[in-house]
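Have the viewer open while you read.

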Amino acid sequence: MRLVDTHIHLYDEKYLNSLDEVLDNARNVGVEAIICNAEDLESSLATLDLASKYDLVYPAIGMHPWTALHSLDELDEIVALIRERRGEIIAIGEVGLDKKYESGEKGFARQVEAFKKMVELGLELDKPLNIHSRRAASDVLEILGVYNVEKAHFHWFTDDEDILREVVSMGYYVSFTPSITYSKRNQRLAKIVPLEQLLTETDGPVPFYGELKGRLTEPMHVKLVLEKLAEIHGMELDELGNIVWRNFEKLYLK
Ligand SMILES: [Zn+2]
């Protein structure tokens, strides 16, 4: 069974001293692909660097809504970098909107401007979008609809069930983190996503509760996510693992 972590931030300093060990741990449980997502110019460069060093790591670069809400100073440089390194990147990410951290109307307007630019680049370069949509999934959906985007992945979806139904009806992919092992709400959401649109992720180094309480979140923990998803969907682990891997291939490797 081939496992995949479709969203993590491996350049984070928490991984700095243990990256080789973290990647070994991942390989040992069967992880064969990890999508490292950037947030700004510096982490985009760091992500490209990691991907060139480690076969297991696939790069997604872009401008995160938390970066955009403060300033768009880096936007042009990030856009240029994405175009320049288009042959190396697997996706544009982490991009999107966030209404929990919008910092007033101006902050949200900046997020929208950056996100639209990332969407346009995705279409121009035919790259999928790895999307952050906290409390803003309907705004994200609206923009994707305007641009007629086909290749999109909503990472760690936490909005309402109704909006999730719209997301999956558009054919977009949705991933879940280790929070699914203890969050009833996330478990209910996961049930709504058709098997052909499900993906696994960790969003490391974001910390989790449950079994992972007090531990560093690593790509190997996608196995816990897959086990819970298999239970929720009443499937064999191997069977669902193969489906999730194929979903990853369909969206990101074709
Ligand atoms: Zn993230």
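In which loop is Asn 148 found? Asn 148 is in the loop between α6 and β6; helices (H or I, at least four residues) and strands (E, at least two) are DSSP runs, numbered from the N terminus. A quick note on ground rules: this is a predicted model, where local features need pLDDT of at least 70, side-chain atom pairs count only at pLDDT 80 or more, and totals for chains, interfaces and linings use all residues. Residues are numbered from 1 along each chain as its sequence is written.

Asn 148 has a positive phi despite not being a glycine. Another non-glycine with a positive phi is Arg 135, which sits in the loop between β5 (129-132) and α6 (137-147). As for burial, a residue counts as buried if 20 or more other C-beta atoms lie within 10 Å of its own, exposed if 12 or fewer, and partly exposed in between, with C-beta atoms placed from the backbone. Asn 148 is exposed, with 8 other C-beta atoms within 10 Å, and Arg 135 is partly exposed, with 15.

| Residue | Phi |
|---|---|
| Arg 135 | near 55° |
| Asn 148 | about 60° |

There are cis peptide bonds as well: one joins Gly 93 and Glu 94, with omega about 5°, and Glu 94 belongs to strand β4 (residues 91-96). Another joins Gly 204 and Pro 205, again with omega about 5°; Pro 205 is in the loop between β8 and α9 (222-233).

**The sheet**

An open sheet of 8 strands runs in the order β1-β2-β3-β4-β5-β6-β7-β8, with parallel pairing (two strands pair if DSSP finds at least two bridges between them). β1 (3-8) and β8 (198-200) are at the edges with a single partner strand each, so one side of each has no neighbour in the sheet. From one strand to the next, the twist averages 30°; axes are lines fitted to C-alpha atoms, for helices over the stretch in contact, and angles run from 0 to 180 degrees between N-to-C directions. β1 pairs with β2 (residues 31-37) over 4 bridges, and Ile 8 stands opposite Cys 36 in β2. Helix α2 (residues 41-53) packs on the sheet, touching β2 and β3 (57-61), and its direction makes about 160° with that of β3. Contact here means that C-beta atoms, placed from the backbone, lie within 7 Å.

**Helix α1**

In α1 (residues 19-29), Val 22, Leu 23 and Ala 26 are buried. Down the axis, the buried residues fall within an arc of 95°, so they line one face of the helix; the arc is that of the directions from the helix axis to the C-beta atoms. What covers them includes β2. On the other side, Asp 20, Glu 21, Asp 24 and Asn 28 are exposed.

**Inside β6**

Ala 152 lies in β6 (residues 152-154) and is buried, with 26 other C-beta atoms within 10 Å. Its contacts, leaving aside neighbours within four places in sequence, include Pro 128, Leu 129 and Tyr 172. Ala 152 and Tyr 172 are 20 residues apart in sequence but 5.3 Å apart in space, C-alpha to C-alpha.

**The whole chain**

The chain has 10 helices and 8 strands, and buried residues make up 52% of its 254 residues.

Terms used:
Two residues are in contact if their C-beta atoms, placed from the backbone, lie within 7 Å.
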